[in-house]
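Opening the notebook on a new chain today. I want the overall build before I look at any side chains.

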Amino acid sequence: MHFNIGDIIFQVVFLISLVVPIVLIILFITYLTKQRQQTNRIEEKLDQLLKDKNSTK
């Protein structure tokens, strides 16, 4: 079996061009999810602090 090096390079580049966008989308979704969770934790802490402050008055 005879493989041309140009064909192999083309196949590898094509495979990478298919995989990279999928990986980027997955990473972006996980980033957004983590950001949302962090924002929710911060909001809960702020709500608790405001509640504690108002209850001490």
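Here are my entries, from the whole chain down to single residues.

**Ground rules.** I'm working from a predicted model, where local features need pLDDT of at least 70, side-chain atom pairs count only at pLDDT 80 or more, and totals for chains, interfaces and linings use all residues. Residues are numbered from 1 along each chain as its sequence is written, and side-chain values use heavy atoms, with hydrogens and water left out.

**Overall build.** I looked up the secondary structure and got one helix and zero strands (DSSP runs, H or I of at least four residues for helices, E of at least two for strands, numbered from the N terminus). The radius of gyration is 25 Å, well over the 10 Å from the globule rule for 57 residues, so the chain is more spread out than a compact globule. That radius is taken over C-alpha atoms, and the rule is 2.2 Å times the number of residues to the power 0.38. The C-alpha trace spans about 85 × 10 × 10 Å along its principal axes.

**Surface.** How much of the chain is buried? I get 0% of the 57 residues, with buried meaning under 20% relative accessible area, exposed over 50%, and partly exposed in between (1.4 Å probe, protein chains only).

**Aromatics.** I found one aromatic pair. The rings of F10 and F14 have centres 6.2 Å apart and planes at 15°, so I log them as stacked (centres within 6.5 Å make a pair; planes under 30 degrees apart are stacked, over 60 edge-to-face, the rest tilted). F10 and F14 sit four residues apart in helix α1 (residues 5-56), about one helical turn. F10 is exposed at 53%, while F14 is partly exposed at 42%.

**S17.** I placed S17 in helix α1, and S17 is partly exposed at 41%. From S17 to L27 is ten residues in sequence and 16 Å in space, C-alpha to C-alpha.

Methods:
Rings of Phe, Tyr and Trp (its six-membered ring) pair if their centres lie within 6.5 Å; planes under 30 degrees apart count as stacked, over 60 as edge-to-face and the rest as tilted.
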